[in-house]
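Keep the sequence and the 3D view open as you read.

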Amino acid sequence: VLDVGCGTGAALAAAGEITGDVTGVDISPAMVERAREAVPGADLVVGDVAALPFEDATFDVVVSAFVVFFLDDPPAGLREWRRVLRPGGRIAMSTWNGPDERWSWERALRQEFAGEMPPELLPRIATQLERLARFDEPGKVKDELAAAGFEAPAVEPYILEFRFEDEQSWWDWSQSHAGRAAFDLLPAETVERYRARAFEEMQVCRADDGTFPRSYSALFATARRP
Ligand SMILES: C[S@@+](CC[C@H](N)C(=O)[O-])C[C@H]1O[C@@H](n2cnc3c(N)ncnc32)[C@H](O)[C@@H]1O
């Protein structure tokens, strides 16, 4: 099993429980280090999954958890993953479905603060949103997989429901993943103003028990190399 964009090894560890023969690739040396600690038996490689250092038809399965939309050219990436699969081998890939509309105020607030961001960042954010949108519906994911030469694509949605205890828990979470990148580029005073506004706006999401429910909706896709 090859895990492309293995990160800290979450999917790699699960695959490693099924077969002892697992390989992970990630562009971030720090991620690869974390994956090495999490899955000591895996082969781990620092590299770009858009140009894999493997022969054609090397793997039975390619796993890709929330990675394809980070590539500069997602269709070329899918074709590259197909190349390293043996005929009859399978891909299992996850992407994000649409956002939780109860939290749409977040988009509006980010829009409001966009003018305070470094201007060179805005096209990058727009490109990233476009790439996410290429894979945010089952039909789109199936079409992308078919266009890359996979057959029998199947897509299942998966919804994760969770809740924040209070406003600060939401803020700590929002600073714990890639969404923090834009905040890191803003002056501390601007971030503080954003946080105060967000704490007001998020009251529309408060449930009767005082917590803030939220869902994350993912798509799990599988397909086969002919
Ligand atoms: C959202 S994380 C997912 C990590 C892991 N698959 C998981 O589900 O926990 C995306 C990962 O893709 C990696 N990545 C992004 N672009 C990449 C590329 N071109 N080549 C290799 N890895 C890449 C990042 O370094 C990051 O670890």
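This is a predicted model: local features need pLDDT of at least 70, side-chain atom pairs count only at pLDDT 80 or more; totals for chains, interfaces and linings use all residues.

**Ligand site**

- Gly 5 places a backbone N or O atom 2.7 Å from a nitrogen atom of the ligand.
- Ala 65 has a polar backbone atom 3.0 Å from a ligand nitrogen.
- For Ile 27, a polar backbone atom and a nitrogen atom of the ligand are 3.1 Å apart.

- Nonpolar side chains tend to be buried together in soluble globular proteins.
- Take Leu 52 and set aside its neighbours within four places in sequence: it is in contact with Leu 2, Val 4, Val 25, Glu 80, Trp 81, Arg 83 and Val 84.

**Helix H9**

- H9 has 14 residues, which should span 20 Å at 1.5 Å a residue. The C-alpha atoms at its ends are 20 Å apart, so the span agrees.
- Its buried residues are Thr 190, Val 191, Tyr 194, Ala 198 and Phe 199.
- These buried residues pack against H4, H7 and helix H8 (180-184).
- Residues three or four places apart on an α-helix point the same way, because a turn takes 3.6 residues.

- Side chains of opposite charge can pair when their charged atoms come close.
- Arg 197 bridges to Glu 112, with the closest N and O atoms 2.5 Å apart. This pair links distant parts of the chain: Arg 197 is in H9 (residues 188-201) and Glu 112 is in helix H4 (residues 105-113), 85 residues apart.
- Both partners are partly exposed: Arg 197 has 25% relative accessibility, and Glu 112 has 47%.
- Arg 206 forms a salt bridge with Glu 167, at 3.0 Å between the closest N and O atoms. Arg 206 lies in the loop between H9 and strand S7 (212-224), and Glu 167 lies in helix H7 (residues 167-174), so the pair ties together parts 39 residues apart in sequence.
- Arg 206 counts as partly exposed, at 38% relative accessibility. Glu 167 is buried, because its relative accessible area of 16% falls under the 20% cut-off.
- Arg 102 pairs with Asp 100, where the closest N and O atoms are 2.7 Å apart. Arg 102 is partly exposed at 43% relative accessibility, whereas Asp 100 is buried at 11%.
- A network of salt bridges links Asp 56, Glu 80 and Arg 83. Glu 80 and Arg 83 are also among the contacts of Leu 52.

Note on methods:
Residues are numbered from 1 along each chain as its sequence is written. Side-chain values use heavy atoms; hydrogens and water are left out. A salt bridge is a side-chain nitrogen of Lys or Arg within 4 Å of a carboxyl oxygen of Asp or Glu. Buried means under 20% relative accessible area, exposed over 50%, partly exposed in between (1.4 Å probe, protein chains only). Helices (H or I, at least four residues) and strands (E, at least two) are DSSP runs, numbered from the N terminus. Contact means heavy atoms within 4.5 Å. The expected span of a helix is 1.5 Å times one less than its number of residues. A polar contact is a pair of N or O atoms within 3.5 Å; within protein, one must be able to donate a hydrogen and the other to accept it, and residues adjacent in sequence count only if both atoms are side-chain atoms.
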